[in-house]
Amino acid sequence: MTGADLPKAQPALTFAGCPAATLEGIRAGLVVFSGFGGEPGGAGGRAARPYGSAASSVRAASNGLLRPYRESPSGVAVDLETGRRSRLRAAGSCIDLGDLAPSGDRDTACAALSGRIAGAGARPLFVGGGDETARGLAAGVCGTHSTVGVIEIGDRCLAASLGFAGPALSLGVSGFQDAGAWRRQIGNGGRIVTAEQLHDNGLNAARDGLPDRSGDDIGPVCILDCRAIDIGYAAGCDSFTVAGLTPEQFVSLAGLVGASSPPSAAAVIHLDPARDPRGHMESLVAEALLGLFRGALFEDIEP
Amino acid sequence: MTVDTGRWPVPAALSVVPTFFNAPVADLEDVGPGDVAVVGIYCDHYGEGEPGARFLPRQFRYACALDGRSPPGGVFDLGDLSVFPLEPERCLEVLSDQARRLARTGAHMLAIGGDYGLTPALLAGLRAARPSGTLGVLRISGSADLAPSGASVLSRGSASTRIRALGGSIRVAFAGLSGSVPEAEAAALADTVFVTARSCLDETLAGIAPLRAWADSCDAIYLSVDADVLSPACARTARARQQGGLSHGDVLRLLDALGPLRPVGAEFTGLVPDLDVAGRGRGAMCLDPVEALLSGMIEGRDPCR
C-alpha cells in the first residue's frame, strides 16, 4: 500500500487528453483508443485476474506525462536532454472510445472493432486483455489491409503463436520458447531479437531488425506485451519475467518502432495495474504509447 | 525479536518511540551551534500530485528504528514542524517562523518529507536568521519547478521561481533534471547553472564541473534533494515522470563528487513511501541518500564557507 492508494477525487480522463467519442466519430488518420476490460484469456503464470483497470490507468498516466505541455502557455515543451521542442497536436489526432467489456468471444469483438476502425482509415489502439486482444486486433486489421506486418515487443514469438502467417518482428524475447512458434516465425520471413541481444548491443540490435518501409506501405500492427518487462522493475503483469527488458529499453524500443515504422494499429496486453501498487507499469506503458504514436500526437517545432 | 503488547506482537525496535536516525528527541532550546536538527514535515497538500509524501517522516522513523543505525553525535530529532494544511498563507508564515527560530540557535535543519512547494517558506526563515552572504540553493531533482508564481502561495510548480524572488543574494542551481519542461521554464533555465540526469550518469561526472564552480562562488549552501531525481523504478513520487533518472547509488555518487558542500540546511522531499508499519519499503531504500545529507552537514558544522 502506498500513499497513492488513498482515495482522492479524480476527474474522468481520456487517453492523452483527447476527446471522448463514439464509433461515429472515427475518421481517417485518427488514433482510436479503446480499453478492453473483462477476464483475461491465454496462458498465464500467475493466477488469472481481470484487466479491467488497465485502460483507465494508462489514461491517467498519459495525462500525467503530458503535464509539461498542458502547463505551457504556448503548448510547447522542451526536452532538456535533447533540446527538442514539440507541441501536443490539437484535438483531431486521437479520440477515445471508452472501454469495451465484451461478454462473449473477445477475439471476435476485437476483430470487429479493429476492422471497422481500420476500414475507416483510422488506427486502432487497444489497451487491456491478453492474447485475445492481440489476436483480434491483428485479424481485424489484416482483414482490411492484406499486406500488413506485425512488430511485437514481448517475451514470446507471439505473432506465430496467434496464427499470424505474415512476416513478424519480435523484440525482447526471453526465457523458454515454443519451438514450433519460433520455427514458424523464422519460416514466415520474420525476425527475432532477444532480450539478451538488446542487453548486449543496445537498440542497435533492434534497429538492424526493423523492416525497410517505402512511403506508401501500411504500417505494422504493434503489440506491446507487458510480459517483456523484467519483474524486478515493474510488477504490473500476470507473469514473472526474469532477465527481461528494463523500462527504459521498453520505452526506447516503442519510440524506435514508432519513428521508423509508424503503426497502423497497436495493442497493449497483459497489463494488470492492480499488481503494481507503485503504478510504474502503467506509467511506462503510457510513455511507450506516446512514443509509439509520437508522429500522430506531437509536432516538432523548429527553434 | 518481537514484544508482546498484550494485543499483538510488535518488533522490539518499535516498542520505543522511533526517531530519525535513532537520534535523541530534543526541543528548540536543546540544540545549539553546529548541531543538526532533523525535522519532519507533514504537509504535501499543495504538491499538485498524488498525496502521500506527508507520511514520509513517520515511515522514515520506523525505517531508522528497524535499521538500527547508531545516532551520530550532535544530531537531534525535533519532531515535526507545525503546519496548517488547509491554510496556505498561515502555513507559509508558520513554517518560515519555525525555520528562522531554528536557524537562530545556530543548528542546521535537515527537513524530511513534505513537498518542495514548502521550501521557499523554509528558506525565507533561514534567510531572515542569516541575512548576509550569498546563499546557494542546490536543487537535486528531476524537475526545475520554474513556472510563474501561480494562485497558490505554496504551489510546487513555481517553488524555484518563488525562491529566486526571495532576494538577489539567493542563487539556485539544479542537478539531475530530465524529461520535458514547458517552453517558458526552458527559457528561465537559460541563465541558470544546471546539469541533466544524463550528465550525472556519466561515469566521469565531468559534466558537473559548472556545479562545483557555482558552489565555490556561494557563501553557504542549502541542499534540496527530491525523490523525483530517482528513476521511477527506484521511487514513487507525487507526479508522473518519464523513464530515466538516477539510482540511489547515483545520488550518493553525485553528492560525493560535488565535494564538501557543508550545507547550512538540507531537505529530502517528494517521496511517497509505502505505508507498511515496518517502513521497509521505499522509505528504507532512501535512508542512505538522506544519511549522506546528514553526513555532509555534520562535516560542515562551520556554516561559514
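Author: Strand β11(B) is covered on both faces: G265(B), E267(B) and T269(B) on one side, and A266(B) and F268(B) on the other, are all buried. A residue is buried if 20 or more other C-beta atoms lie within 10 Å of its own, exposed if 12 or fewer, and partly exposed in between, with C-beta atoms placed from the backbone. Because five of the five residues of β11(B), residues 265-269, are buried, this strand is largely enclosed by the rest of the structure. The model is predicted: local features need pLDDT of at least 70 and side-chain atom pairs count only at pLDDT 80 or more, while totals for chains, interfaces and linings use all residues. Residues are numbered from 1 along each chain as its sequence is written, and chains are lettered from A and ligands numbered from 1 in the order in which they are written.

Strands (E, at least two residues) and helices (H or I, at least four) are DSSP runs, numbered from the N terminus. Two strands pair if DSSP finds at least two bridges between them. Strand β5 of chain B, residues 108-112, pairs with β11(B) in the parallel sense over four bridges, and L110(B) stands opposite A266(B). Strand β10 of chain B, residues 220-226, also runs parallel to β11(B), joined to it by five bridges; here Y222(B) stands opposite G265(B). Strands of a sheet pair through backbone hydrogen bonds, either parallel or antiparallel.

G207(B) is found in the loop between α6 (197-201) and α7 (209-216) of chain B. With 15 other C-beta atoms within 10 Å, G207(B) is partly exposed. Leaving aside neighbours within four places in sequence, G207(B) is in contact (C-beta atoms, placed from the backbone, within 7 Å) with V195(B), S199(B) and D202(B).

Chain A contains eleven helices and eleven strands, and buried residues make up 52% of its 303 residues. An open sheet of eight strands in chain A has the order β4-β1-β5-β10-β9-β6-β7-β8, with parallel pairing. Its edge strands, β4 (94-100) and β8 (191-194) of chain A, each pair on one side only. Within chain A, β1 (residues 31-36) and β5 (residues 123-127) pair in the parallel sense over five bridges, and V127(A) in β5(A) is the bridge partner of G35(A).

The two chains also meet: 32 residues of chain A are in contact with 31 residues of chain B. On the chain A side, α1 (54-65), α2 (67-70), β2 (76-79), α9 (247-260) and α10 (280-292) each supply at least two residues. That side divides into 15 nonpolar, eight polar and nine charged residues, where Ala, Val, Leu, Ile, Met, Phe, Trp, Tyr, Cys and Pro count as nonpolar, Asp, Glu, Lys and Arg as charged, and the others, Gly among them, as polar. Pairing crosses between the chains as well, since β2(A) and strand β8 of chain B, residues 180-182, pair in the antiparallel sense over three bridges. In this pairing, A77(A) stands opposite P182(B) in β8(B).
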